[in-house]
Amino acid sequence: MACEPRPRLSLARGFTLIEILVVVLVLGIATVVASANLFQTGEEKLQQESEKLLAVLQLARDEAAFGGRVIAVTLNGNELQFLERDFADPSKWNASKLDALKPRPMSETFKVGLRVGNGGINEKDNYVTFLPIGVASPFEFELLGPPGIASRKISGDAIGNMTLVKAQG
């Protein structure tokens, strides 16, 4: 009887348990890094909202200075409104027609307060008035976040300098 050689078994194709575990580990690390960057903390959201408010106030100041017009900013509820003095009737204010200075709703997450000159927070007729030569009165916007998060204050002086500071808790 002649012995025929057995057919050779081919090696099985596939992944080892170690290779699969390494891939799962790498995917887990990538997920943790991505989710840390996607979800902002309350502190980061408050800082971002404060920086947006500072930028729009600086824009209003610059529009007043370079455009030769008087622009007022006020807080109506939780909405920032921009007004321009009427050239024909200086006692009259009109809503700003500039696209960059349209009314802006503030985030409902934060409470915003406005103090102008020696007045109190959110008194009636609190307007930050930007003149072509500076600011009519010093002002302060305060953004309050949830409990445990330090508030932010944007202060402006009579010549139009503005600063954003983290208030002491």
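I20 is partly exposed, at 42% relative accessibility. Here buried means under 20% relative accessible area, exposed means over 50%, and partly exposed falls in between (1.4 Å probe, protein chains only). I20 sits in helix α1, residues 17-38. Together with F15 and V24, I20 makes a nonpolar surface patch of about 340 Å². Patch members have over 30% relative accessible area and no salt bridge; like charges are joined within 9 Å, and nonpolar side chains (Val, Leu, Ile, Met, Phe, Trp, Tyr) within 5 Å. Accessible areas come from the Shrake-Rupley method with a 1.4 Å probe, and for residues only the protein chains shown count as cover.

This is a predicted model: local features need pLDDT of at least 70, side-chain atom pairs count only at pLDDT 80 or more, and totals for chains, interfaces and linings use all residues. Residues are numbered from 1 along each chain as its sequence is written, and side-chain values use heavy atoms, with hydrogens and water left out.

Now the overall layout. The protein has two helices and ten strands. Along the sequence they follow the pattern α-α-β-β-β-β-β-β-β-β-β-β. These elements are DSSP runs, numbered from the N terminus: helices are H or I with at least four residues, strands are E with at least two. The protein exposes about 11,600 Å², and carbon and sulfur atoms supply 59% of that area. Of its 169 residues, 28% are buried. Contact means heavy atoms within 4.5 Å. Among contacts between residues at least 6 apart in sequence, 51% join residues at least 24 apart.

The largest nonpolar core has 26 residues. Such a core is a set of buried Ala, Val, Leu, Ile, Met, Phe, Trp, Tyr and Cys residues joined through side-chain atoms within 4.5 Å. The residues with the most contacts inside this core are L53, L57, V73, L80, F130, F139 and F141. Two or more core residues come from each of α2 (42-67), β1 (71-76), β2 (79-85), β5 (111-116), β6 and β8 (139-144). Helix α2 gives the largest share, seven residues. Take L57 as an example. Leaving aside neighbours within four places in sequence, L57 contacts V73, F130, F139, F141, I154 and M162.

Strand β6 spans residues 127-131 and holds T129. T129 is buried, with a relative accessible area of 14%. Not counting residues up to four places away in sequence, T129 touches V70, I71, A72, W93, G134, V135 and A136.

Charged pairs come last. Side chains of opposite charge can pair when their charged atoms come close. A salt bridge is a side-chain nitrogen of Lys or Arg within 4 Å of a carboxyl oxygen of Asp or Glu. By this rule there are six salt bridges. One of them joins E43 and R152, at 2.7 Å from N to O. E43 is in helix α2 and R152 in strand β9 (residues 152-156), so this pair ties together parts 109 residues apart in sequence. E43 is partly exposed, with a relative accessible area of 25%, whereas R152 is buried at 2%. E43 also meets K166 in a salt bridge, 3.3 Å from N to O. K166 lies in strand β10 (residues 162-166), and this link spans 123 residues. Through shared partners, salt bridges join E43, R152 and K166 into one network. Another salt bridge pairs R69 with E63 at 3.2 Å, N to O. E63 counts as partly exposed, at 26% relative accessibility.
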